[in-house]
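This report describes one protein model for a reader who is new to structures. Please look at the sequence and the 3D view before reading on.

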Amino acid sequence: MHVTHDPAASASATIDFNTFLAVDIRVGTIVDAKPFPEARKPAWRLWIDFGPVIGVRKSSAQITENHPLETLVGQQVAAVVNFPPRQIGPVVSEVLTLGFPDADGKVVLMQPSKPVPNGGRLF
């Protein structure tokens with residue numbers, strides 16, 4: 001799913017602002033996290049609460065190297081909430097949890113620097 005981990009890669013093609021606005025990126029709080037042993041690459045299963053309008057959505061996230069399972073519940077994360085659900089092995093992932101690669105290409109979660117209300121939209 002990752003396009004590239006190369007920080008020296010050139011920027012993607014230019015898009016207009018309305019195209020950017022079509023991607024609905026929201027903040028939510030991880031309320032449950034479990035192992036995902038069936039995944040081809042190491043991953044966790046996450047349940048993320050995006051507030052009363054969107055509710056709790058499921059995600060599969062390849063974040064095992066930088067985010068131990070026992071540290072995830074209670075953390076706020078950013079995710080795309082308007083992509084169609086995606087079947088990942090036996091699991092349906094309902095949102096795309098966002099992160100950036102570290103120097104070794106391992107995902108670091110995209111998170112607000114201080115607590116914000118669940119369901120808040122990136123702008």
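Is Asp 102 buried or exposed, or something in between?

## Asp 102 and the basis of the model

Asp 102 is partly exposed, because its relative accessible area is 24%. Here buried means under 20% relative accessible area, exposed means over 50%, and partly exposed is in between (1.4 Å probe, protein chains only). The structure is a predicted model, in which local features need pLDDT of at least 70 and side-chain atom pairs count only at pLDDT 80 or more, while totals for chains, interfaces and linings use all residues. Residues are numbered from 1 along each chain as its sequence is written, and side-chain values use heavy atoms, with hydrogens and water left out.

Asp 102 sits in the loop between strand 8 (99-101) and strand 9. Strands (E, at least two residues) are DSSP runs, numbered from the N terminus. Leaving aside neighbours within four places in sequence, Asp 102 is in contact with Asn 66 and Val 108, where contact means heavy atoms within 4.5 Å. The side chains of Asp 102 and Asn 66 also make a polar contact of 3.0 Å. A polar contact is a pair of N or O atoms within 3.5 Å; within protein, one must be able to donate a hydrogen and the other to accept it, and residues adjacent in sequence count only if both atoms are side-chain atoms.

## Another loop: Thr 64 and Glu 65

Thr 64 lies in the loop between strand 3 (56-61) and strand 4, and Glu 65 is found in the loop between strand 3 and strand 4 as well. Their side chains are joined by a polar contact of 3.4 Å. Glu 65 has a relative accessible area of 43%, so it counts as partly exposed.

Not counting residues up to four places away in sequence, Thr 64 touches Pro 42, Ala 43 and Trp 44. Glu 65 and Ala 43 are 22 residues apart in sequence, with 9.1 Å between their C-alpha atoms.

## Two buried strand residues

Gly 28 is part of strand 1 and is buried, because its relative accessible area is 0%. Beyond four places in sequence, its contacts include Ile 48, Asp 49, Phe 50 and Asn 118. The C-alpha atom of Gly 28 is 5.9 Å from that of Gly 119, although 91 residues separate them along the chain.

Ser 93 belongs to strand 6 (residues 91-93). Its relative accessibility is 7%, so Ser 93 counts as buried. A polar atom of the Ser 93 side chain lies 3.2 Å from the backbone nitrogen of Ser 60. Ser 60 is also one of the residues in contact with Ser 93, among them Lys 58, Pro 85 and Ile 88.

## The largest nonpolar core

A nonpolar core is a set of buried Ala, Val, Leu, Ile, Met, Phe, Trp, Tyr and Cys residues joined through side-chain atoms within 4.5 Å. The largest one holds 16 residues, and those touching the most other members are Ile 30, Leu 46, Ile 48, Phe 50, Ile 63, Leu 72 and Val 95. Strand 1, strand 2 (44-49), strand 4 (76-80) and strand 9 (107-109) each supply at least two residues of this core. Strand 2 gives the most, with three residues.

Leaving aside neighbours within four places in sequence, the contacts of Leu 72 include Ile 30, Leu 46 and Ile 63, along with Trp 44 and Leu 109.

Notes: Helix = DSSP H or I, 4+ residues; strand = E, 2+ residues; numbered from the N terminus.
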